[in-house]
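Dear colleague,

I am handing over the structure below, which you have not worked with before.

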Amino acid sequence: MQQQLETWVHQAKKGDQQAFYQLYHQFKGRVYAICLRLLADRGQAEDATQEAFVRAWQQLPGFRGDSSFSTWLHSISSRTAVDIWRKNKVMRLVVDEEPEEQGYVDAPEMPQLEQAILRLPSQARAVFVLFALEGYQHNEIAEMLGIAEGSSKAQYHRARQLLRSWVDEN
Amino acid sequence: MTPSIKLTVLMLALLQAPAWAAGEAIDQSRDVTATEKIEIENMRGEVRIIAVKANKFSVKGTLDEKAEGYDLVSENGVTRFQVKMPRTLYGGWGSDKNEGSDLTIEVPFGSEVKFSGVNANVSATGIEGGTRLNTVNGAVRAEKLKGDIALETVNGQIDSRDNNGRLHLTTVNGEINDQGSAGSLELESVNGEISVASAATDVEMSVVNGEGRLELTGTERLEFSSVNGEISAAVKNSKKPRISASSVSGASRLSLDADVSARFELEASAGGDIGNSLTADKASRDKYGPRRHLEFTTGSGDGNIEISTVSGDIELKKH
Amino acid sequence: MKTEQQLDAMISQLAPAIEPQRDLWPELSARLEPRQRRGYGSWMGVAAAAVLTFWFWPQQLPTAPQDVVTNAQGQSMPAVSLLDVSRQLGLQLEQEQTRQLKALQQIPDGFTDWAQQIAIWNKAQAQIELALQFQPDNQKLIQQLQRLQQQQLSYIAKLVETSELT
């Protein structure tokens with residue numbers, strides 16, 4: 001598998017779109033998962049997924065293989081999703097006094113915890129996803145989201161509290 | 001009656017009621033629902049709105065001298081009372097404080113009341129279904145209200161006493177005094193002092209040029225911001241508060257319970273001093289430049305306290 | 001209420017991947033620029049990275065208001081920061097209201113000092129913008145700025161509304 005991946009990356013770097021398609025096919029679920037959980041909106045998650053892969057394509061020539069492709073793509077995906085999350089935050093603050101509105105994702109086919117995550121308030125959800133699922137540290141999250149590290153920790157605890165109470169009531 | 005007494009009575013009557021100064025008298029009363037939605041519009045003068053036990057709406061007093069009558073309509077649980085003023089091209093009818101209506105209005109306890117005026121002072125007591133008092137030049141007083149409460153003026157003072165609910169107090173030029181409130185409290189003033197003694201659990205305050213003084217008990221979340229004003233806040237009986245403060249050049253002074261359990265992050269980026277007598281932690285200074293920074297945790301770090309300023313001072317202490 | 005351990009167990013069982021409900025490839029592939037000479041390719045990568053940086057970490061307020069980068073499609077576009085977006089919207093709203101203000105024939109009582117009042121807000125906003133140069137990522141300062149804009153807009157709206165009544 002690893003060999004196969006390396007070949008695809010090598011080819012895609014040179015401009016082979018078929019090879020890039022293989023990479024896309026391999027990782028789209030992973031990328032979409034990050035985007036959907038962070039943004040809690042299918043349409044935006046789809047846009048974010050496409051955007052992440054477009055950026056990956058653009059930056060591939062600069063990918064030197066010092067980390068694994070998977071890690072590299074993961075970083076691009078997280079940051080792309082956070083870009084859109086931050087844009088949403090500004091729109092909410094300027095246009096609307098209520099910062100906690102989020103798009104509603106109807107997902108009865110998903111497991112309880114998945115649904116609960118999508119229900120979290122915007123900032124708590126972003127912090128939770130980045131820390132608990134995507135493995136970022138609070139200082140990294142603080143920089144990515146433009147908040148204080150203390151806020152990141154507080155939001156994480158708040159998210160856990162909410163999730164613990166929600167998954168029980170269903 | 002003897003002729004001399006008749007004359008005296010007549011003279012007294014003339015002295016007491018100079019007819020040219022007072023407007024038309026009004027004394028109206030009607031039954032309304034217990035949770036009536038009531039809208040009152042009176043451009044100038046004094047209006048007192050009092051909640052009573054009865055399911056009635058009544059208005060007594062005198063109308064504005066320049067008024068052209070009034071409208072009073074009740075239907076489908078909504079009552080509208082409006083003092084009708086002529087439209088004039090001359091930018092108002094004058095803001096002589098002695099001119100205007102003088103009204104006392106009674107409403108049911110459970111009603112929801114909206115008042116709107118321009119050169120008007122308004123006061124409200126006891127309304128429990130929600131209240132919105134809005135004036136441009138004038139003072140707003142509110143006491144013992146419940147529910148969603150919005151008090152707004154542009155030039156004038158806001159006095160809020162023993163109100164309980166979701167309070168939103170706004171003025172541009174004027175003071176805000178809030179005593180004894182509970183629930184959640186949002187205060188905004190541009191030029192003017194804000195002075196609060198409250199048990200609200202959620203408090204947000206913003207002032208541009210003006211001081212803010214907050215004495216809070218049991219408050220769990222506090223957010224305050226100022227541009228050039230100094231803000232001092234004492235938060236008592238709150239072990240895990242979430243406090244977020246931001247100022248540009250004003251000083252921020254915060255006093256907390258000695259056994260508060262929280263993560264602290266304080267930052268002054270351009271010359272402000274950070275003083276801490278809550279714990280022994282001292283601010284560190286950037287090697288180059290005027291930035292000062294202090295981060296520490298007390299207890300189990302349950303709460304969260306962030307204060308940032310540009311050139312103001314930050315002072316943190318215990319009560 | 002589940003315990004912390006129970007929650008952790010549920011987290012570890014979350015699926016690592018979620019399939020999108022529709023095929024995203026067709027639109028995506030249309031956006032993939034063909035790879036040209038190697039040198040050009042890496043320059044595009046650098047430009048794309050520059051866009052990401054400006055968009056994502058507004059570490060300094062753009063000193064030249066029209067800082068420009070070129071995207072992968074070869075088009076010039078202004079470098080945009082978080083602050084710019086909210087400023088843009090604020091300005092548009094303000095322009096609309098100032099237009100309404102100028103159309104008034106008479107300023108109503110209580111608002112005769114409106115110009116000084118607006119000047120107070122402008123001064124405060126300028127102070128915050130200056131402060132943002134020291135702390136560009138300070139969300140609270142950005143929120144303060146937006147709150148001031150909001151106050152100013154409400155004030156003008158009230159002025160216009162009152163003048164329509166009198």
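**Helix packing and burial**

Helices α6(A) and α7(A) cross in a right-handed manner, where a crossing counts as right-handed if the near helix is turned clockwise from the far one by less than a right angle, and left-handed if anticlockwise. Please keep in mind that this is a predicted model, in which local features need pLDDT of at least 70 and side-chain atom pairs count only at pLDDT 80 or more, while totals for chains, interfaces and linings use all residues. Residues are numbered from 1 along each chain as its sequence is written, and chains are lettered from A and ligands numbered from 1 in the order in which they are written.

Helix α6 (residues 122–133) of chain A packs against helix α7 (residues 138–145) of chain A at an angle of about 140°, their axes being 10 Å apart; axes are lines fitted to C-alpha atoms, for helices over the stretch in contact, and angles run from 0 to 180 degrees between N-to-C directions. The two helices α6(A) and α7(A) are therefore oblique to each other, given that angles under 35 degrees count as roughly parallel, over 145 as roughly antiparallel, 65 to 115 as roughly perpendicular and the rest as oblique. On the α6(A) side, Ala126(A), Val127(A), Leu130(A) and Phe131(A) meet His138(A), Ile141(A), Met144(A) and Leu145(A) of α7(A), with two residues in contact if their C-beta atoms, placed from the backbone, lie within 7 Å.

Helix α1 (residues 2–13) of chain A and helix α2 (residues 17–39) of chain A pack with their axes 7 Å apart, at an angle of about 135°, and the crossing of α1(A) and α2(A) is left-handed. Here Trp8(A), Val9(A), Gln11(A) and Ala12(A) of α1(A) meet Ala19(A), Phe20(A), Gln22(A) and Leu23(A) of α2(A).

In helix α3(A), 14 of the 18 residues are buried, so α3(A) is largely enclosed by the rest of the structure; a residue is buried if 20 or more other C-beta atoms lie within 10 Å of its own, exposed if 12 or fewer, and partly exposed in between, with C-beta atoms placed from the backbone.

Turning to chain C, it has 6 helices and 2 strands, which are DSSP runs numbered from the N terminus (helices H or I, at least four residues; strands E, at least two). From the N terminus on, the elements of chain C run α-α-α-β-β-α-α-α, and buried residues make up 22% of its 166 residues.

Best regards
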